[in-house]
Each structure stands twice: as structure tokens, then as C-alpha cells.
Amino acid sequence: MGYRGGRAVTLFERTLAEATAERHRRQAGANLLTRESATFETNPMGLMRWYLHPDLEGPSTRSLYCHELEVPAGSRSGRLQCQGGVLHYVLEGEGYTDLDGVRHPWEAGDVIAIPIKERGVSYCHVNTGPGPARLLVVMPNLDSALGPEAGVELAVREQCPEFAHATDKPAKGN
């Protein structure tokens, strides 16, 4: 609790003020997000273009995480351990997803649905095609309700080779 003009500001008043500010942010936010305006980064999971993320101010929603993951020819993504519940739409390319040690082949037009498991899942994507593989990745943003780990440790178990090269650190598992 704080003070405003010599009087206490209650938690309820702060909640109302935050709701109003969020409503205004959503109304001013972008509903059409282009690939060119997406935030690009190379991170332990790979080459990503972020469309939706709670730290991005521009989009009208923060209820989803949404990014494009690009896996260069002959490469793989990082290996992620998470709760599951992640959808991938294969925009371009071919390869397979190693999900808990089992290979699941995919090609452009396929949907990869990472299942929710009580003890979590571990997966990475491998590009077996001649060109880049591009996957649109979407998952709910349940961070405020469940925390970012959603009950299971969220961890990159292996970095993608591109991130290791970008940071001059050896990639685990290569």
C-alpha cells in the first residue's frame, strides 16, 4: 500500500488503476503484426522473430507467446524442457522433432503439438531439408497464474549451434 495526496492507496485502487492502464495499452496496441516488424534475436533455442511476448509494448495482447523459429539447413533448435502445451505450425522446410527421445517427422503445412505432461517434456527440432525450416510457435502466457515454469523446470538443455557460435561458447551436445 502507498500514499497519494496524503491518503493511503489501497491494493484494490492499484488493481483498478493497473486494469485501466492495461485497457488503454491494449486499445493503442497493434492488432496486425508483420514479419518485418517482429523483434529478431538469436538465443539458446535458435533464430527467433518475436510477434507476441509480454515484454513487447507494441502488440495489443500479452495473452500468448508467439514467435517464428528458423532452423538453418543441417542444424537443429536448442533442446527445451517445459510443461508442454506448445503448438508449432511448419511454414517451410522438413525435418523431425525429437520429443522425449522419439523422432516425429514433419514437413511444411504440418502442426506439431507438444503434449502437456505432468513431469514435463524435452524436445528439439532438426532440419533435414536443403533450405531453412521455419516454424510458427504459439503457447499461452499463463505466467501470472502459474509462473513461467508452470510447475516443471523450464530450461534449455542444449543450445542451438547458431547461439553457441554467436556467443563464442561451445554448444553442448555437438
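Some ground rules to begin with. Because the model is predicted, local features need pLDDT of at least 70 and side-chain atom pairs count only at pLDDT 80 or more, while totals for chains, interfaces and linings use all residues. Residues are numbered from 1 along each chain as its sequence is written, and side-chain values use heavy atoms, with hydrogens and water left out.

I start with the core. A nonpolar core here is a set of buried Ala, Val, Leu, Ile, Met, Phe, Trp, Tyr and Cys residues joined through side-chain atoms within 4.5 Å. Buried means under 20% relative accessible area, exposed over 50%, and partly exposed in between, with a 1.4 Å probe and protein chains only. The largest such core has 20 residues, and Ile114, Tyr123 and Leu135 touch the most other members. Strands supplying at least two residues each include S4 (46-52), S5 (64-71) and S12 (133-140); strands are DSSP runs of E, at least two residues, numbered from the N terminus.

Next, the aromatic rings. Rings of Phe, Tyr and Trp (its six-membered ring) pair if their centres lie within 6.5 Å; planes under 30 degrees apart are stacked, over 60 edge-to-face, the rest tilted. The whole structure has 1 aromatic pair. Trp50 and Tyr65 have ring centres 6.3 Å apart and planes at 65°, so they are edge-to-face. Trp50 is in strand S4 and Tyr65 in strand S5, so the pair ties together parts 15 residues apart in sequence. Trp50 is buried at 12% relative accessibility.

Last, His53 sits in the loop between S4 and S5. Beyond neighbours within four places in sequence, His53 is in contact (heavy atoms within 4.5 Å) with Leu64 and Tyr65.

Terms used: Helix = DSSP H or I, 4+ residues; strand = E, 2+ residues; numbered from the N terminus.
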